[in-house]
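Please look over the disulfides of this chain and their surroundings. A short report follows the structure.

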Amino acid sequence: MKVMQWGAAALAVGLVHFAAPAEAAGGKTLETVKARGVLNCTGHDGSYLGFAEVDDKGNWKGMDIDLCRAVATAVFGDPAKLKIVPISWAQRWPSLQSGDVDIVVKASGGTLSRDTELGLQFSMSYYLGTTKVMAHKELNLKSLKDAQGGTICIPAGTTIEQQVAAYSQKIGIKLEPVVIEKTEELEQAYFSGRCDMYAQWGPVLAIARVAKGKVDEHVILPDVIAVEPEVMIVRQGDDNWVDVANWTLTALLFAEQEGITSKNVDEIKAKPTSPAVAKFLGAAPGMGKGLGLPDDWAYNVIKKVGNYAEIFDRDLGKDSPYKMDRDLTNLWNNGGVLFPLVID
């Protein structure tokens, strides 16, 4: 009888705890960013076309930059409250751990060592990237197996070095790596003929080939060296901050899924199509409290930055110079792998 009474009491305590409303978390990083009045986010030490580049007026643009703007808008309601800090691949983790940047959005994959050895924490994937190899067409390579002894340009300080080494060993060939830090110098080395091949993230290869106006002179080999989920990265131990990153990404994807764009968001907020949409846009309460954000933060993100499709189209897709297809980086209901978390 005593055991039953104790069990009932414990259950009652658990129910009370479960029923308690969530309070604003306000993690350490979020508080620091709010107090500073600006979000410090990663740029690139040069141009990483389509993801982080500077236009002829000195303005940053690209998909990673727009994700930084989305996080800044979630926190402040204003995408301009953002400082882009240009850093190299190797500087990403020291800059994050030192507090020079608050979040890394820099075509960076979620890996075991970055999690368990470097003390980093990841958002959901915002882009599923494949590592591929481009070669001079005149070499007549059908696949990487034909490239025995060839030279291959590889970006320094990235997982691509290990990926190429592992894949080469797997297919039984030896390559001569030419490892270079800056993307512009790396591409110059390849396009000038210093390297036979160029290993890089697939989208970057496609963009580089178009940007150089030499599509017919270079072939992207069919080999998929690796598949890497690109994620937003924060310091480990601040769950609230990674929640802000995840829910910002969810806002972009949920809006696309529900047909909410920067152009029609006011109309839909005035007449929400569902209770979830009403909460999402701040027409009903509950979207911000548990995150330490205002209830209209997601509305601000979509109104001022756009949904995921709008971002992709202007930075990489049909409205950009690169005209890339979404492929796997599409919504779950359109042949892709991306999906929002559930808004309930």
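Cysteine 41 and cysteine 68 are both buried (buried is under 20% relative accessible area, exposed over 50%, partly exposed in between; 1.4 Å probe, protein chains only). A disulfide joins the two, a term that here covers cysteine sulfur atoms within 2.5 Å. Cysteine 41 sits in strand S1 (residues 39-42) and cysteine 68 in helix H3 (residues 63-76), so the bond ties together parts 27 residues apart in sequence. Helices (H or I, at least four residues) and strands (E, at least two) are DSSP runs, numbered from the N terminus.

This is a predicted model: local features need pLDDT of at least 70, side-chain atom pairs count only at pLDDT 80 or more, and totals for chains, interfaces and linings use all residues. Residues are numbered from 1 along each chain as its sequence is written, and side-chain values use heavy atoms, without hydrogens and water.

The structure holds two disulfides.

| Disulfide | S to S |
|---|---|
| cysteine 41 to cysteine 68 | 2.0 Å |
| cysteine 153 to cysteine 195 | 2.0 Å |

The second pair links distant parts of the chain, 42 residues apart. Cysteine 153 is in strand S7 (residues 151-155), while cysteine 195 is in the loop between helix H7 (183-191) and strand S9 (197-201). Cysteine 153 and cysteine 195 are buried.

What is the handedness of the link of cysteine 153 and cysteine 195? It is right-handed, with 70° about the S-S bond. For cysteine 41 and cysteine 68 the torsion is about -60°, so that disulfide is left-handed. Numbered in sequence order, the bonded cysteines pair 1-2, 3-4.
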